[in-house]
Structure formats: C-alpha cells, structure tokens
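Me: I'm new to this one and would like to learn how to read it. Could you take me through it?

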Amino acid sequence: MSTTEALLDLVEEITTSLEQNKYTVGVFIDLKKAFDTVDHDILCKKLHFYGLRGVAQEWIQSYLENRKQFVSFNSCHSEILNVTCGVPQGSILGPKLFIMYINDICKVSQVFKYILFADDTNLLCCDRDLDKLVRMINGGLEQLQTWFSVNRLSLNISKTNYMIFGNRKITADICVRINKEKINRVNSTTFLGVVIDCKLNWKSHILSVRSKLSKCCAIMYRASSLINKHGMHILYYSLFMPYIMYCAEVWGNTYATNIHCLILLQKRVIRLICGAKRLDHTNLLFHNVHILKLPDLVKLKTAIIMFKAYRYILPMNVQKLFKIHDSRYLSRYKCKFKQIYVRTNLKSMCISVTGVKLWNSFENSLISCKNVYHFKKCYTNRLLNKYVLES
C-alpha cells in the first residue's frame, strides 16, 4: 500500500533470516522502460483472467488503443505513429494496470520472497547452505527470465544487482547469473528511494540524507535575511522535512550516533527559523514552532504504524508481525502486543521490536483514540509538551 510498508516487509524478512543464522541474498531487478513496454494484448488477456470482462474490458481497451505520438522540435515535426504498447504514465490508472500486468510474477518461482511496488522489484532468498542458495537463486532467475520474455519485458542487466546481507565473511566465489550474464554484487543500492546497505545499519542512507539537508540549510540560510518567520517555516516543510520524514520509521530506529549528524542539522535550521543564536538551547524553539525533533518524529511514525496494527488496518504481510496478548487470561496485558525474543542487534532495532516496546509503554487514554488523525494529534502534543518540561 506504500513504500514504507514495502520496506518494512523487506527489512523484517532480512533480519528474521539473519536471526536464524541463514545467508540472505537480495536481488534488485531493474526493468527497461517498464511502463512503456506493456503489451496491450497480453494485458487484456490478464484482465479477462482476473474477471474484468465485457463492457469494463472494452472500456480499458478503448483507453489504451488508438493513441498516437510524434516529436516536435522548433518547426520540425516527426511522422505520427500509433502507440502499440505501454500504459499512460502520470495517470492513476496507468500504475494500476502495470501492477495487474506483473501480478503473476510471484507465481513463477517459489524460492523467492517477492517485494513489489510498481516497477521496483526485489527478490529475497535465504538458506543455511550458501552453495545451495546460489543454485536456488540462479534456477529461479532462469525461470523469471523466461517469464519476462513471454511478457515482453526487458531486464536492464547492467543496473540489476544483488546483495548478500549480514556480517558473515564470505570467501567462496559467488556467481549469480541472469540469461547467462553475470550480475554485479554491491554493498549498497537504492530501493524505493532509500539507500540499503548489506549490513542494514543505514549509514549510507543517512549520509545521502545529510548531503541533501546540508544543501537545504544553505538555501534557508540565504533566505533567512529576505523572508519572515512564517516564510521560513514554509521553507522548512517544503525543503527540509520531506528528507527526514520519508520512511523514517524504517531507517530512523538505529543507533543514536548514526543519526546525530541529522539532529545537529535540524537544530541549526530551527535556530534559523526562530532567529536564535548559534548556541541557544532548542527545546523551547521546537515547541514554539510546533516541530518535532528527529528522534521524536521517528517515534511518532513508528507509533502510527503500531496504531494501525492495533486496529488491524495494515496489509496482511505487515500485520502478521504483531500479535496482541489474549486479555481473557492476563487483564494487565489488555491492548498490549506480545514482545518477541531477539538475538541480534539488527532485529532489536526493527519495528516489530521497537514498535511493540513503544506501544506497550502507552497508557489507555492514548491507545483508545478513535482514529489515526486523533492519535497522531494527541501523541504529537504529548511529545511537544515534553520539550517545555525538559527546558
């Protein structure tokens, strides 16, 4: 349903495998012009199979067919040609049609755990025996290559890569192939806008975010002498906030030392907004501008996931991570989630552990909020009021 939930599913799957002392390999698939290569005839056949028939199917066909395209440059125009494949991008229907086009990819090979979001595809495979694992992956990729060929989709092998997760030293020569071509092994890659590294410590992503935030700070510093506090507040939410907010519940639950550089940048920007001095304390400043500190923003986003889990409104693959205590036998655990035992630090920083600890610390007045909006408002006010007490 969202990139956050797809990444949560990915991280939980990897850390669970590492918790069981298994080798875990992730293959990150890149498709050439995925939306532009959808075959209309194949799409219509799949829609018919899924139950979209009669007038509804004719409507979809009329939406796709008889489209034309040409190139215009200055006063020159190319020949007008029919569009025989592809779904319109920039539309609501286009991504939905593409999802239905590739929906049956999950049936191709049972050795993989599939993480799909539009045209971003990740394949996970794990086993205790590394040699067996590589054979399974190569066999599964061979089946997938056949599926791509039948469905007229092209793999961009130069941008497709794989990663072996964990801290275990691997001395064996690993060779993963697609269509007899060797694909690159990497230590980090970008998936759904987040930089994932093989150790899952999020340092690579945090460095990327820090670089972007530093540029935002420079822009806001130059603008501070030209616009008022309200304008600076708008700049913060349009330039700075999206980078620290995007999927923060996935990468933000890490060691405090890892995100310390982002915390310092956020404090610098808050002082700019409020016109404070370089060494002024920021607790009251955060409260006055109604902005959460990064660690508290991570808590808020984690708590929202937990609230959705409590109300059973998460997708099933994420919902299954959380189990509520049976209150018939232990009334003091009513509305609390079961805490799982973990062996590794990686797993202990996943939302299935940190989220449960956070939720179980809430009192009933917060848990009983009637909807997500009300819960978010109440918990945000609680975090902001804490800044006044700490100042």
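Me: Let's start with the sheet: what is the order of its strands?
Reply: Keep in mind that this is a predicted model. To read a sheet, follow the strands from neighbour to neighbour. Here you have an open sheet of 5 strands, running β6-β7-β1-β8-β11, and the pairing is mixed.

Me: Which are the edge strands?
Reply: Look for strands that pair on one side only: here they are β6 (113-117) and β11 (184-185).

Me: In what sense do β6 and β7 pair?
Reply: Strand β7 covers residues 120-127, and with β6 it pairs in the antiparallel sense, over 5 bridges. For one of the partners, find Phe117: its bridge partner in β7 is Asp120.

Me: Which strands does helix α1 touch?
Reply: Helix α1 (residues 3-19) packs on the sheet and touches β1 (23-29), β6, β7 and β8 (161-165). Its direction makes about 160° with that of β6. Helix α5 (residues 130-150) packs on the sheet too, touching β1, β6 and β7, with its direction at about 150° to that of β7.

Me: Now for a helix pair: how do α7 and α11 cross?
Reply: Check the distance and the angle. The axes of α7 (residues 229-245) and α11 (residues 294-310) come within 11 Å and cross at roughly 60°. Angles from 65 to 115 degrees would count as roughly perpendicular, so these two helices are oblique to each other. Their crossing is right-handed.

Me: Which residues make the contact?
Reply: From α7 you get Met241, Ile244 and Met245, and from α11 Leu294, Leu297 and Lys301. By class, that's 5 nonpolar, no polar and 1 charged.

Methods. Residues numbered from 1 in each chain as written. Predicted model: local features only at pLDDT ≥ 70, side-chain atom pairs only at ≥ 80, totals over all residues. Heavy atoms only, no water. Pairing = 2+ DSSP bridges. Helix = DSSP H or I, 4+ residues; strand = E, 2+ residues; numbered from the N terminus. Contact = heavy atoms within 4.5 Å. Axes fitted to C-alpha atoms, helices over the stretch in contact; angles between N-to-C directions. Parallel < 35°, antiparallel > 145°, perpendicular 65-115°, else oblique. Left-handed = near helix turned anticlockwise from the far one by under 90°. Nonpolar A, V, L, I, M, F, W, Y, C, P; charged D, E, K, R; others polar.
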